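This briefing goes through one structure, topic by topic. Keep the sequence and the 3D view at hand while reading.

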Amino acid sequence: MKLLRPVIGLTGGIGSGKSTVANLFGELGASVIDTDVLAHELTQPNGAAMPEILVAFGKSYLDSSGGLNRAAMRALVFSDAHAKRRLEAILHPLIWAAASERVAQADGLYIILMVPLLVESGGYRDKVDRILVVDCDEQTQLVRTMARSGITEDIARAIMRSQATRSERLAVANDVIDNSGHISSLEPQIQRLHRYYQELTSKLATKSQE
């Protein structure tokens with residue numbers, strides 16, 4: 001029988017350090033599934049989402065290789081709420097199907113399912129056992145986003161406005177990692193949660209044998 005493993009939904013605003021935290025859990029033996037990576041796979045040339053995207057948006061939103069023109073689509077969805085909903089209606093079911101397959105195949109100590117828009121999409125809340133929010137103040141988010149992506153402050157702020165607020169994320173969190181400071185402050189927080197998530201795995205294993 002396959003060992004049951006808790007699925008931890010990891011989320012946080014742009015620039016909060018989600019990938020850093022997820023990678024550290026991965027180093028401790030967790031299976032990490034990144035829905036952003038899945039979205040990129042689905043929208044690359046010959047990706048499963050591309051036929052529907054072509055029908056819905058036309059060739060002008062494809063790049064020269066036949067994949068999604070991310071810059072053009074990003075500009076569209078930031079300016080057109082209807083287009084954003086159309087894109088989400090195409091991508092979200094495909095992303096969840098791919099994520100479910102990866103979850104079923106995962107063999108780590110527990111599963112970290114990284115969903116940047118977990119709070120905004122809503123549909124993932126009943127699909128995970130716990131919600132882990134990587135938190136930092138909004139000014140730190142802004143500085144990190146601009147430094148990492150090389151985008152302007154206006155664009156960074158627009159992305160932040162399109163996401164759930166810090167308070168909205170914290171309101172649904174079961175667990176929180178404070179990533180406002182130096183990366184060295186992450187280790188004790190992650191170690192504590194690692195031990196707890198291992199305990200959850202053990203409890204699931206015991207329950208499955210009852």
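Contact, as used below, means heavy atoms within 4.5 Å. Leaving aside its neighbours within four places in sequence, Ala156 is in contact with Leu142, Thr145, Met146 and Ile151. This is a predicted model, in which local features need pLDDT of at least 70, side-chain atom pairs count only at pLDDT 80 or more, and totals for chains, interfaces and linings use all residues. Residues are numbered from 1 along each chain as its sequence is written, and side-chain values use heavy atoms, with hydrogens and water left out. Helices (H or I, at least four residues) and strands (E, at least two) are DSSP runs, numbered from the N terminus.

**The sheet**

- The 5 strands form an open sheet with parallel pairing, in the order β2-β3-β1-β4-β5.
- Two strands pair if DSSP finds at least two bridges between them.
- The edge strands are β2 and β5 (175-178), each of which pairs on one side only.
- From one strand to the next, the twist averages 25°; axes here are lines fitted to C-alpha atoms, for helices over the stretch in contact, and angles run from 0 to 180 degrees between N-to-C directions.
- Strand β1 (residues 7-11) runs parallel to β3 and is joined to β3 by 4 bridges, and Gly9 stands opposite Leu113 in β3.
- Strand β2 (residues 31-34) is also parallel to β3, with 4 bridges between them; Val32 has Ile112 of β3 as its bridge partner.
- Strand β4 (residues 130-135) pairs with β5 in the parallel sense over 4 bridges, and the partner of Val133 in β5 is Val176.

**Side chains of β3**

- In a regular strand the side chains alternate between the two faces of the sheet.
- In strand β3 (residues 111-114), Ile111 and Leu113 point one way, Ile112 and Met114 point the other way, and all are buried.
- Buried means under 20% relative accessible area, exposed over 50%, and partly exposed in between, with a 1.4 Å probe and protein chains only.

**Helices**

- Helix α1 (residues 18-27) lies across β1, β2, β3, β4 and β5 and runs at about 165° to β3.
- The axes of helix α3 (residues 50-57) and helix α5 (residues 81-105) come within 10 Å and cross at roughly 165°.
- That angle makes α3 roughly antiparallel to α5; the term covers angles over 145 degrees, while those under 35 count as roughly parallel, 65 to 115 as roughly perpendicular and the rest as oblique.
- Glu52, Ile53, Ala56 and Phe57 of α3 make the contact with Ala83, Arg86, Leu87, Ile90 and Leu94 of α5.
- The residues of this contact divide into 7 nonpolar, no polar and 2 charged; Ala, Val, Leu, Ile, Met, Phe, Trp, Tyr, Cys and Pro count as nonpolar, Asp, Glu, Lys and Arg as charged, and the others, Gly among them, as polar.

**Single residues**

- Ala156 lies in helix α8 and is buried, with a relative accessible area of 0%.
- Ala156 and Val143 are 13 residues apart in sequence and 8.9 Å apart in space, C-alpha to C-alpha.
- Gln163 has its place in the loop between α8 (153-162) and α9 (166-172), and is buried at a relative accessible area of 15%.
- Beyond its neighbours within four places in sequence, Gln163 is in contact with Gly13, Ile14, Leu117, Glu120 and Arg169.
- Asn46, in the loop between α2 (35-42) and α3, is exposed, with a relative accessible area of 80%.
- Most residues other than glycine have a negative phi. The phi of Asn46 is near 70°, a positive value in a residue other than glycine.
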